[in-house]
Amino acid sequence: MSVQMSSDSSMIASTSTRARKLNAAEIAEIEHEMTLYPDKQAVGLEALKIVQKHQGWVSDESLLGIAKYLDLPASDLEGVATFFNLVYRQPVGRNVILFCNSVTCWIMGCDDLRRHITHSLGIDFGQTTEDGEFTLIPVPCLGDCDKAPVMMVGEKMQRKLTRDSIDELVVEVRIQPKARDDV
Amino acid sequence: MTDRPLTRNIDLNRGPLDIAGYEAADGYQSMHAIAKGLSPDDVLNIVKTSGLKGRGGAGFPTGLKWSFVPRGDGSPKQKYLVVNADEMEPGTFKDRLLMEGDPHLLIDGMLVAAYTIQANMAYIFLRGEYIDAENALKKAVKEAYERGYLGKNILGTGFDLDIVLHTSAGRYICGEETALLNALEGRRANPRAKPPFPQVSGLWGKPTIVNNVETLCNLPGILAYGVDWYQGLSRGVDHGTKMFGVSGKVKNPGCWELPLGTPVRELLEGHAGGMRDGLELRAFLPGGGSTDFMLPQHLDLNLDYDEIGKAGSRLATGTMIVLDDQTCPVGMVGNLMTFFAHESCGFCTPCRDGLPWVDEIFRGFEAGTGNQKDLQILHDHIEYLGPGRTFCALAPGATAPLGSGLKYFAEDFEKHITEQRCSYKH
């Protein structure tokens, strides 16, 4: 099971069975991975991550495109894609918030921060804000426990969180939206 | 010589040392020692004699683990070294510090391990969320290639080694070494049946050693300064130093390299500064989320594998999670059960179905709907999910805080049931 996603079926963008043709940048990176692993199955998971980096998430069309390119059974690849926390099979916002809710962060008050952030963003775990800016996802212990409570926003760790620091961060990100390549 | 071989180069006020700085601090001396004429068997004997035990959690002797890899002319040509850098044990934050703070130390240690088992290919299986560690390691690997510590015929020894940095896509179960191998092969990370053990048939069916980051970081010092120096570092029965961490409501949470055998009290009250004002120590998990609770009466024990074991717990990762007297112990155990239920790979039934059941019962305690039968079901699950009942160690790990929690916090569990609420503020 990956993260709990919204039950809102409109979140699922496509049930298409048509493979998307991978773009040149994606193919170049996948070909590089082929030199690091002895078989294509190992590259499959890497390819999912590469496509996600370029497209923001892994759509059905992308998954089928990877399966076709690497000559892997789509069902196997889907089994892998849905197993791992960080492969997103639904669209996510421009900034994914990985919110640590493991034991030390819990002791340090992350339940209260969760109530605060879900209220201020208007979304619960697994959901994306209407402006497409944030997706909020719980994550197991981020390994920064002496600075708890913590979360990641995009690639950056945010430490010693308080209600105020979360508010400031949300405003800061909204003022300076980050562009994702290829999108 | 140093008494902090793991962290002496780490200074959080600057970036990690580059390769020149690392070399100037006796770095890569292990490979130079090997180049002067140590055979793989020589190195194996040195590491065996040192008494180094694995720092990932299980505490298995490193040299003994390596000795199971087939050696000699008849053995498979292709062997692998895999670094378990998938730090995700709740409350554990030591490998992050080592990789971000001194990435060359890990590569240095990998050279020793790979040379000993004669593996020409090594993968670092790094947690995907560890972006800073990824960047530090990428740079260090590149520098090591440029300086000839990686690649072909390293320092004229005839030994070749390539390192690939693999970033994981998540899941706690990848810390289990056979699940990690499946993930690296691009499969769902379900654990594999043992035997065969990875040392004989691991990654792509080839002999493979999986070692934790901190374990490997111990090796350069052992090779550079010798076994006597290494054993002299310790204050207790086990050898060397270890990363110890404290998190929770203490005055000064953090991570320190200390000699094995350091008293728990010195870590908790000295380095971590003791409890915050107004709070009392209630209990602590000594080595991450899969260890048994220990109590204030255990503070004078030493941080040694056997000594913590005799108190009914495990030293494991050495990163301690502290419970204070104003935080609900039932809620803390419940939080851990949610984690384990979420992170079960779903392969075997007791773990897949048992952990969510346990988790649900804890939610009932929180909501004020718990009853005596629930308590009995929890007690039963200590056995149902215990060692030997499941395919891997994930669910047995969950029973450690569950079983010890039910024992030590029995009054709190009863109170949740009789009062039909949680009386703590959180």
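Two residues are in contact if their C-beta atoms, placed from the backbone, lie within 7 Å. The model is predicted: local features need pLDDT of at least 70, side-chain atom pairs count only at pLDDT 80 or more, and totals for chains, interfaces and linings use all residues. Residues are numbered from 1 along each chain as its sequence is written, and chains are lettered from A, with ligands numbered from 1, in the order in which they are written.

**View 1. Contact of chain B with chain A.** Chain B puts 39 residues into the contact and chain A 34 residues. On the chain B side, strand S5 (241-248), strand S6 (254-259) and helix H14 (329-343) each supply at least two residues; helices (H or I, at least four residues) and strands (E, at least two) are DSSP runs, numbered from the N terminus. H14(B) gives the most, with five residues.

**View 2. Helices H16 and H17 of chain B.** H16 (residues 372-384) and H17 (residues 394-408) pack at about 135°, with axes 10 Å apart. Axes are lines fitted to C-alpha atoms, for helices over the stretch in contact, and angles run from 0 to 180 degrees between N-to-C directions. B:Leu378, B:His379 and B:Ile382 of H16(B) meet B:Thr399, B:Leu402, B:Gly403 and B:Leu406 of H17(B).

**View 3. Surroundings of B:Met110.** Not counting residues up to four places away in sequence, B:Met110 touches B:Leu81, B:Val83, B:Ala122, B:Ile163 and B:Leu216. B:Met110 and B:Ala122 have the most contacts inside the largest nonpolar core, which has 180 residues. Such a core is a set of buried Ala, Val, Leu, Ile, Met, Phe, Trp, Tyr and Cys residues joined through C-beta atoms within 7 Å; buried means 20 or more other C-beta atoms within 10 Å of a residue's own. Helix H6 (residues 103-117) of chain B gives the most to this core, with 10 residues.

Technical notes: A residue is buried if 20 or more other C-beta atoms lie within 10 Å of its own, exposed if 12 or fewer, and partly exposed in between; C-beta atoms are placed from the backbone.
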